[in-house]
Amino acid sequence: MAETPRPTHPLSVAEAWSVTADRAADTTFFFDFDGVLSPVTDDPEASQPVAAVPGVLEQLAASVRRVAIVSARPVSFLRSRFASLERVDLYGLYGLEVWHEGEVVTEPAALPWIPAMADLTERARAELPDAVLVEFKRLSVALHWRTAPQLAPVVERWGHEQAERLGLKIQGGRMVVELKPPVDQDKGMVITEGVRDAGCAWYFGDDMSDIKAFDALRAREAVDPAFFGVAVAVANPETGADVSNAADLTLESPDAVTAFLTDGLRRIQAQ
Ligand SMILES: O=P(O)(O)OC[C@H]1O[C@H](O[C@H]2O[C@H](CO)[C@@H](O)[C@H](O)[C@H]2O)[C@H](O)[C@@H](O)[C@@H]1O
């Protein structure tokens with residue numbers, strides 16, 4: 001059968017699935033976790049994927065070349081939510097951690113920063129108002145104001161001061177600011193590496209840090225016009241229009257992502 005011609009952006013959903021079904025053996029799907037596979041909750045520890053997600057991802061992984069979750073969460077957290085998945089690759093802490101052959105592999109340049117992150121966590125808990133949730137992630141510290149939105153300016157100011165004091169990187173997100181070691185690693189770099197020899201790739205994201213992943217798909221297309229990249233935004237009012245504007249398609253929620261993938265899987269399997 002002749003290969004479906006590569007459509008130009010903007011894409012229709014039907015075009016995107018048609019090209020993907022043709023190239024399934026050469027396709028990788030990447031997913032962010034929070035807000036994409038899991039609905040947003042006040043307590044980050046309470047987050048769970050949509051019930052059907054593990055089954056859908058495992059089936060997808062059996063039908064395409066590769067499926068990976070690329071998250072700001074630690075790999076240990078992702079493993080706790082996806083223990084049953086055997087075929088899905090996991091990148092944690094923006095790619096500073098990778099789940100590889102049954103163990104967590106950490107970027108060596110980041111390891112010396114663990115004590116500084118632990119100290120910063122203690123300092124944040126002592127200095128910030130109690131309503132700020134301080135999440136220690138071994139190689140980063142996330143400062144959440146979801147349950148106290150009026151504290152956003154206080155937390156952002158404190159975060160920027162600490163980043164300057166310690167020479168850390170700072171990453172904004174959904175009602176959160178995160179402090180990270182000054183190590184060059186982000187979701188865009190994970191995707192750039194991950195699509196190097198792919199013919200087609202999808203990335204599903206909902207937050208500012210995901211725009212770099214969308215950009216990595218675009219950059220790959222620019223050097224190889226035959227490559228087919230699909231950026232999918234999961235819309236939310238917190239990140240405004242920036243994520244949707246950077247995407248090819250927009251879905252409204254993690255439930256909608258699950259239904260969308262179920263439909264896509266049917267199309268791939270029917271090919
Ligand atoms: O890259 P991701 O997997 O999307 O992780 C981004 C951040 O997700 C978590 O925070 C966000 O989700 C929480 C639970 O729904 C929510 O309470 C919070 O307001 C959101 O910012 C996680 O806790 C962070 O560490 C991640 O950076």
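From which domains does the shell around the ligand draw at least three residues each?

Modeller: This is a predicted model, in which local features need pLDDT of at least 70 and side-chain atom pairs count only at pLDDT 80 or more, while totals for chains, interfaces and linings use all residues. Residues are numbered from 1 along each chain as its sequence is written.

The shell draws at least three residues from domain 1 (13-106 + 185-270) and at least three from domain 2 (110-180), with bounds that come from an automatic or database domain assignment. Around the ligand there are 22 residues, of which Phe33, Asp34, Pro44, Ser71 and Ala72 come nearest; a residue is near a molecule if its C-beta atom, placed from the backbone, lies within 6 Å of it. By class, the shell has 7 nonpolar, 6 polar and 9 charged residues, where Ala, Val, Leu, Ile, Met, Phe, Trp, Tyr, Cys and Pro count as nonpolar, Asp, Glu, Lys and Arg as charged, and the others, Gly among them, as polar. The strands β7 (141-144) and β9 (176-180) each supply at least two residues of this shell, strands being DSSP runs (E, at least two residues) numbered from the N terminus.

Conventions:
Helices (H or I, at least four residues) and strands (E, at least two) are DSSP runs, numbered from the N terminus.
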